[in-house]
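Please walk me through this structure, one chain at a time. I would like to know how the parts are built and where they touch.

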Amino acid sequence: MAQMWITMGPQHPMTHGLWTLRVKVDGETVVDTEAELGYIHRGVEKICEARDFTQVTPYCDRLCYVSAMTWANSYIYAAEDLLEADVPERAEYIRLIAAELQRLASHLMWLGAFGPDIGNLTLMTWCMRDREMFLDLLQELGGSRMHYNYPRIGGVKRDIPIGFGDRMIAKVKLFEKRIEEYEMMLDESTIWLVRLQGVGYANAEEMVEAGVSGPNVRAAGVNYDIRWAHPYSVYDEVDWEPAVEKPTSVKGADCYDRYRVRIEEMRQSCRMLLDAIEKIPGGKNTHYSSRDEMIYTKAPTRAPEGASGFSNYECTRGASQFYVQGGGEGRGKMPYRLSIRSPMFITIPFVAKTMIGYKVADIPAIMGSFDPCIGETDR
Amino acid sequence: MADPGENFAAFNSRALVEMVGGVTDEALKVTRIKQFLSVLAGRFFNWAGRKSLFTLHLGIKCCAIEMAAAATPRFDGDRFGVLFRSSPRQSDVLLVNGPISKKFADKIVRLWEQMPEPKYCIAMGECAISGGPYFQSYNILEGVDTVIPVDVYIPGCPPRPEALIDGFGLLREKIIRIGGAPSSGRDSEKPIIVGDE
Amino acid sequence: MKITLEQNAIAVTECADAINDRFSGSGIIADIIQHSNAKKYSFVRVIAPPQHWQALAKWMKFEIGVNYCSMITGTHYPEGGADRGWEVVYHLLRQPIVNQIPDTNTVFVAEKMVGAQIPVEFEVIINLPNNDTPSVPTVQHVWVGADWNEKETWDLVGINFEGHENMFRVLNPHDSPDGFHPLQKQHKIRYHDFNEMYDDAQGFGRKPADEGRVK
Amino acid sequence: MDDKYDLRGLIFSTFDDLIPPLLDGTPLEESADSIAFGAATFAAVNIVFLMLFFSQFAILWIERKAVARMNDRRGATTALRSLWVGENGVTAGEWWNMLPFGLGKPIGSLNKWLNNRFGNRDETFATVDRVNNRSWMGYSIFPGFFQNVADGMKFLVKEHMVPQRADRLIFEVSPFLIVSSTLLILGIIPLSSGMYATNPDLSILYAIAIFGIAPIGVFFAGWSSNNKYTLIGGIRSAAQLTAYEIPLLLTLLSVAILTGTFNIIESIHFQHSAGAWNLFLMPLGAGLFLLTMIAEVERVPFDMPEAEAELVEGWWTEYGGMRFGMLFMAEYIRTYAACFLFTHFFLGGWHLPFQGLISQVPLLGDLYLLIPGAIVVLLKSWLVFLLVFVWARFSLARIRTDQILEFGWRILLPLAVLQVVLAGIYRLYLFDPTAMKDTAAGGWAWNAMGIPMFVPIITTAIWLGIFVLFLNDEDKSGNTERMFHVYTEKPAGTYVPGQE
């Protein structure tokens, strides 16, 4: 049969954003693929060269629209490396709580978007319903639904409100039950299993070689999580285990493994949250004023000439890294060069090649299981 | 355009011939027939058109997530007939929810041209209105209204889903006025800005 | 579970020493630098001349197991002097691949990791002379992950990667003018000093009302 | 047993009484009977068709609201009142004043009275009511029912666009092919024994033949749009329908074998006269019929031809405006027809549940039989739609193309053959034709071994047992490892804060 190229995107339900996947199909089988990015390239790196170190944070929020808090945190750690700031421990705890809440919201958004990819619309509304719980909690911290601008160099913007801890515990405990509901709906449905199992194999070594990171490699059995490999917040003090999937095939992880590993990661986030809110220094029912030394330490605003800062952060989709160079003639307040490493930028071309050999109907399943986010990819 | 002064009793074949028959241009003929229909069934079609706003399922950036949230349990845009269709042929509203880069500019114009009249455009969020935080960028247009006409602006970064729903409400208010007028003939109509008293 | 500071120090020292021993006379210098954020972990910073970069990359990959090329940063220093007009920074990781064999159930404890299992960060800095055609040898065939990173660095910063196959613009539009690389410092951002960064290829300029206005 | 209300007979006798006297003395006198017959048929056909067509809005509404409940939402709330009360306080105008000759004055005064008496303009929750499109006093009558009316009317005024390089003739023709063939199905669907448009002898065959036309239209539409998504959708549709038509035909063949007729109405009569609905005699057949019908009308989980995730909107991607509206409507009419056919073949048509037993009770029995058959049929169909089609659509995922074909050829086809054999055995060896009775009480033709209704009871029990067996026979040990094998040192979910 003749082969033909199909252009999927930029406006296509499969893409979860704006990018183009060009697929060469032979009947229903994918023969070749090409990924094309850049539809929302915004030049954040260039704009940030004209911003203060503090003014960069909102742009980092907007890098990835479903996990704003983790991206802002990632930048903050790079800036703290550059400016040599000290962070109070309570602030680190609050950052951990905020990041894990964001991880829950982000994974729920992923599961919600993954449902329609496979054809299950109910999953989307259920996940978005539960996501609102965590958005409410994050809103108490940052004041906004999506872009919080919450962490500061040397601390956080404001302390957790009174009652936040109790509300969070209640919601997290409720959510742990909801995870079981999802599993009941999905894992016990044969259609869900046959759509995901044995589809989209990705080998661990190839993935690491290609630069894929985060839950996608943990699904293939690589127990690498920056939260323990290069601990940055107080992840070494709270109770958790990295969620790693044991692959059932030598070919690596399939879509089902990637789905399971994220479900498990949500469980681990719940566990972490419940522990962290108990262990937080100063207590969960205390509210310090916004410039209190418990949550904020004043950091220098000017970076020394030639200094550089680097952060390696476990974002919801993998390792997000920031590299900040300070200094320059008379412009020590602004980064001379801000470089952003997005996990999905390297993953998307890899995933495009992963699809070869599967059916057209598997394209959304494979693509969705890798959790693409184009905001951070195109920067 | 539905004019309240038009006589509704004017429905007979002669009127149709008078309005349409003399025109040879195909496109104009179609427009005339549509005009006639909208005069004919005026209110009813206007009501139908504003109560059933199918939105193109186009997610550009942050606001796309709020667009999705507006369709889900807490906000439930379905109450007002706001559904999301993936094909531009079947949608009425182009919801631009993010910055328009130079690479995407001609694509969004094409999407807009693929949508059948009457169609409406909502610019959601700062990026679509003016470039937003990226107004200085080398790759971002200063708002989607540089390439396609916009009916409603919803400011916010991103606007909350309530604001989006309010934007749809204001668009419906506008449709009461303009009816199914083709998008190219609406230049005199002032765009609506949500929250602007 | 975590990698302790002691484990980190041992691994970093081993790696830095190994690089310094192997490439002692070639101008490649490996240092141990401590992060000043978070938990104050250390990493290896290698400063290498461009001509030895490919050899160093292959050696690092196959001898000390650096299997992960995570980020490539190009920087333009128009006033950096004759030797440092451009800088390319590679961030590499050594990340252990364990327990990928099916039907095994090895429980994995970070505190017990030794030797080459311990993850280490590397930062390789390559300074390029101040000219119009900065170029470094490609490491596309060493790490698959370097492929698109190099494409991006060429697209945005304009650093040529010698021997890179299938180079194309990934983020900027394909019809951008030749030689337009927005992150070079001669391009000012809009509204600061210049009306436009470059002649608009597609003709989507600013709105007429804003013309001539400098914010 | 025939339905108590013989509307068709009433129409025919009325026309027979009316028309011949009118034509007395005219040249048409000799053919007066044929004219009366024609006019009566015309009236009956129109009444039945309109009933079927407009009751379709009910299933659209049922789907919308049921889905909303499953998704934890409210669903559409559009009330007809918003026709004259505009948006955000901007009134849409008093359209009744524009009608000629003051025809609309009563509507205006009625509306004024309603607004004065029950209006929510100055109520405490006026905003809430307005936001929720509620009606007077915050009450909402069939909330969202008129949403589908609005959708349909809107499609009417949309621009008609043909893609530039489409095969214009076929592109324009195929929606009509689909819609007209779909409407033909409604022609043979009886609402009750006294209410049907036409009743050909081989109506089962006719229904299946007509169901087979629309796929050609689908393929035409997919091909002519000159779009790769529609092309793939059309080809998928052709492959899927071929794979599922054959089990469907075999299932209907087994229905015909069991009931001994190819006529829908007679097969319904058989179910009552013999004493048990077909559902209890051939649960396997009912299951096969539902599965193949879901595939036939292309709904989740078998909606590959319009898989939204990979093919933007499937084979109708390029259709907009009223063409799309008609296709959408045709889709639902097909679904609705499938529900009717299931009701007729397996759920005993217009017969009430336990009609044989309850009709024996002195007073209650008479009242029970007074329920019109058409209502029973409609309720049963809506229930089938709600419990099978909607529920399946919104709780299951979509199957892949190769899986759907494999399922059709390798599983459904052998099962359908098995069902044909079973039906033959039932008819030949277990059926007692002497015990059939066409009375309100029905017959007892399925007695065996001296136990009344032994055959349906034992059949249902066996198939229910097999179903439960399959339900519980998930290979727990094997599957558990595959399902929940993410491992950690301490299993998640078991952790209690503060305890180590």
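The model is predicted, and every value here is computed from it. Chain A contains 14 helices and eight strands. Its radius of gyration is 21 Å, close to the 21 Å that the globule rule gives for 379 residues, so chain A is as compact as a globular protein of that length. Along the principal axes, the C-alpha atoms of chain A fill a box of roughly 70 × 50 × 35 Å. Of the 379 residues in chain A, 70% are buried. Among the contacts in chain A with a separation of 6 or more, 71% are between residues 24 or more positions apart.

Chain A also touches chain C. To this contact chain A brings 50 residues and chain C brings 45 residues. On the side of chain A, the elements that each supply at least two residues are the helices α1 (44-48), α3 (68-83), α8 (204-210), α10 (226-229) and α12 (343-354), together with the strands β6 (308-315), β7 (318-325) and β8 (337-341). Helix α8(A) gives the most, with five residues. Sorted by class, the side of chain A that touches chain C has 22 nonpolar, 15 polar and 13 charged residues.

Chain C holds an open sheet. The sheet has five strands in the order β1-β2-β5-β4-β3, and the pairing is mixed. Strands β1 (29-34) and β3 (68-76) of chain C are the edge strands, each pairing on one side only. From one strand to the next, the twist averages 20°. Within this sheet, β2 (residues 42-47) and β5 (residues 120-128) of chain C pair in the parallel sense over four bridges. Ile47(C) has Ile125(C) as its bridge partner in β5(C). Helix α1 (residues 5-22) of chain C packs on the sheet, where it touches β1, β2 and β5 of chain C. The direction of α1 makes about 15° with that of β2(C).

In chain B, one helix can be looked at for burial. Nine of the nine residues of helix α3 (residues 62-70) of chain B are buried, so this helix is largely enclosed by the rest of the structure. The buried residues of α3(B) include Cys62(B), Cys63(B) and Met67(B). Glu66(B) is also buried.

By class, the contact of α2(D) with α13(D) has five nonpolar residues, one polar residue and no charged residues.

Helix α2 of chain D also contains Ala66(D). Leaving out residues up to four places away in sequence, Ala66(D) touches Leu386(D) and Val390(D). Ala66(D) and Pro283(D), in turn, are 217 residues apart in sequence and 26 Å apart in space, C-alpha to C-alpha.

Note on methods
Residues numbered from 1 in each chain as written. Chains lettered and ligands numbered in written order. Predicted model: local features only at pLDDT ≥ 70, side-chain atom pairs only at ≥ 80, totals over all residues. Contact = placed C-beta atoms within 7 Å. Nonpolar A, V, L, I, M, F, W, Y, C, P; charged D, E, K, R; others polar. Rg over C-alpha atoms; globule rule 2.2 N^0.38 Å. Buried ≥ 20, exposed ≤ 12 C-beta atoms within 10 Å, placed from the backbone. Pairing = 2+ DSSP bridges. Axes fitted to C-alpha atoms, helices over the stretch in contact; angles between N-to-C directions.
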